[in-house]
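Work through the exercises below with the sequence and the model open. Each task is followed by a solution in steps.

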Amino acid sequence: MKPKSQCPLCSEELELREVAPCMYCGGYPEELNHFHEGQHTYAELEIFPNYKLVLCDFCQVDFGSHDPEFYGFHRSKKIGYEYMKHTFKVVPLSIGQDKYCTSCQLRLKYLDFVAAIRKENGK
Ligand SMILES: [Zn+2]
Ligand SMILES: [Zn+2]
């Protein structure tokens, strides 16, 4: 299978990066340092029904500040930590690899999630 090398949102060429476990911010270089320094805890959560992501403690709380329209929802849709469900799955605490879009500043894991939820929302 040929690995995807284009961003599903903006079609930009993706680059391979070392990533921290957080699927939102794990591609930022400083997050690798934060990971090694043990600055964050990580958990798998069901963000929206049937959409699970591993997020760090910061991104879990910060999620409520995202624009619901970015995910294809109406802007009045309530999103955020209080609407998430913990899966209580054990998250492997290791540095991984993922593709990264320098223009969206997101990992492919997250870009795929955004593309899927937008599609489900008819966007
Ligand atoms: Zn992109
Ligand atoms: Zn994070």
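The exercises cover a metal site and salt bridges in this predicted model.

**Exercise 1.** Identify the protein donors of the zinc ion (ligand 1) and assign their arrangement.

Solution.
1. The donors are the SG atoms of Cys-7, Cys-10, Cys-101 and Cys-104, lying 2.3 Å from the zinc ion.
2. Along the chain, their spacing reads C-x2-C-x90-C-x2-C.
3. Cys-10 belongs to the segment before β1 (15-19) and Cys-101 to strand β5 (residues 96-101), so this pair ties together parts 91 residues apart in sequence.
4. Four donors count as tetrahedral if all angles lie between 85 and 135 degrees. The angles subtended here are 104 to 113 degrees, so the arrangement is tetrahedral.

**Exercise 2.** Classify Cys-10 and Cys-101 as buried, partly exposed or exposed.

Solution.
1. Buried means under 20% relative accessible area, and exposed means over 50%.
2. Cys-10 has 32%, so Cys-10 is partly exposed.
3. Cys-101 has 0%, so Cys-101 is buried.

**Exercise 3.** Which elements does the salt bridge between Glu-46 and Lys-85 tie together, and is each residue buried or exposed?

Solution.
1. The closest N and O atoms of Glu-46 and Lys-85 are 3.5 Å apart, within the 4 Å limit for a salt bridge.
2. Glu-46 lies in strand β2 and Lys-85 in strand β4, so the bridge ties together parts 39 residues apart in sequence.
3. Glu-46 is buried, at 17% relative accessibility, whereas Lys-85 is exposed, at 56%.

Technical notes
Residues are numbered from 1 along each chain as its sequence is written. Chains are lettered from A and ligands numbered from 1 in the order in which they are written. This is a predicted model: local features need pLDDT of at least 70, side-chain atom pairs count only at pLDDT 80 or more; totals for chains, interfaces and linings use all residues. Side-chain values use heavy atoms; hydrogens and water are left out. Donors are N, O and S atoms within 2.8 Å of the metal (3.2 Å for Na, K and Ca); water is not among the atoms, so sites may look incomplete. Four donors count as tetrahedral if all angles lie between 85 and 135 degrees; four count as square planar and six as octahedral if opposite donors are over 155 degrees apart and all others between 65 and 115; anything else is irregular. Helices (H or I, at least four residues) and strands (E, at least two) are DSSP runs, numbered from the N terminus. Buried means under 20% relative accessible area, exposed over 50%, partly exposed in between (1.4 Å probe, protein chains only). A salt bridge is a side-chain nitrogen of Lys or Arg within 4 Å of a carboxyl oxygen of Asp or Glu.
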